[in-house]
Amino acid sequence: MQTPATVTYSCCLRCGRPLTSKKSRARGYGAACYALVRLRIRLTTGTTPAQRAKALELVTDGAILPLRMTSAGLVCQVVSEDGEWIHLTTPTHCSCPHGRRSTSVARCYHTVVAGALAASLRLAV
Ligand SMILES: [Zn+2]
Ligand SMILES: [Zn+2]
């Protein structure tokens, strides 16, 4: 998958240890933390197996990457499926076309994944 803007990380988002491998720098976690984050996404995100599979796919593909913590929560960068645009997502808001339209009843799916990522990063090390 092609990503228009590449984020790289120097330290693990979860435990803060320096990242050395190119792979870890691209995804933001060391191998052990990445496994935990993936596990948590797989077990807790969404309400159906299909939603969980989709969430895991987004994280695995690097289609959703954590950028920074703010008072509004974790801000993530989301890349569209065709790789043409990037938008910003927090656990409560998403700037994608669907997110701007959606009501509180039908939350944009990206916000669900951002919330799960934020929760996984807050886990005790
Ligand atoms: Zn780590
Ligand atoms: Zn969205």
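Over how many bridges do E2 and E3 pair, and in which sense? The views below cover that and more.

This is a predicted model: local features need pLDDT of at least 70, side-chain atom pairs count only at pLDDT 80 or more, and totals for chains, interfaces and linings use all residues. Residues are numbered from 1 along each chain as its sequence is written.

**View 1. E2 and E3 pair in the antiparallel sense over four bridges.** Strands (E, at least two residues) and helices (H or I, at least four) are DSSP runs, numbered from the N terminus. Pairing takes at least two DSSP bridges between the strands. Val78 has His87 in E3 as its bridge partner.

**View 2. A two-residue hairpin takes E1 into E2.** E1 (residues 64–70) and E2 (residues 73–79) are antiparallel, with six bridges.

**View 3. Three strands make an open sheet, in the order E1-E2-E3.** E1 and E3 (86–89) are the edge strands, each pairing on one side only.

**View 4. H2 (residues 31–44) and H3 (residues 49–60) cross at roughly 155 degrees, their axes coming within 8 Å.** Axes are lines fitted to C-alpha atoms, for helices over the stretch in contact, and angles run from 0 to 180 degrees between N-to-C directions. H2 and H3 are therefore roughly antiparallel (that label needs an angle over 145 degrees). On the H2 side, Arg38, Ile41 and Arg42 meet Arg52, Ala55, Leu56 and Val59 of H3; contact puts C-beta atoms, placed from the backbone, within 7 Å.

Conventions
Chains lettered and ligands numbered in written order. Parallel < 35°, antiparallel > 145°, perpendicular 65-115°, else oblique. Contact = placed C-beta atoms within 7 Å.
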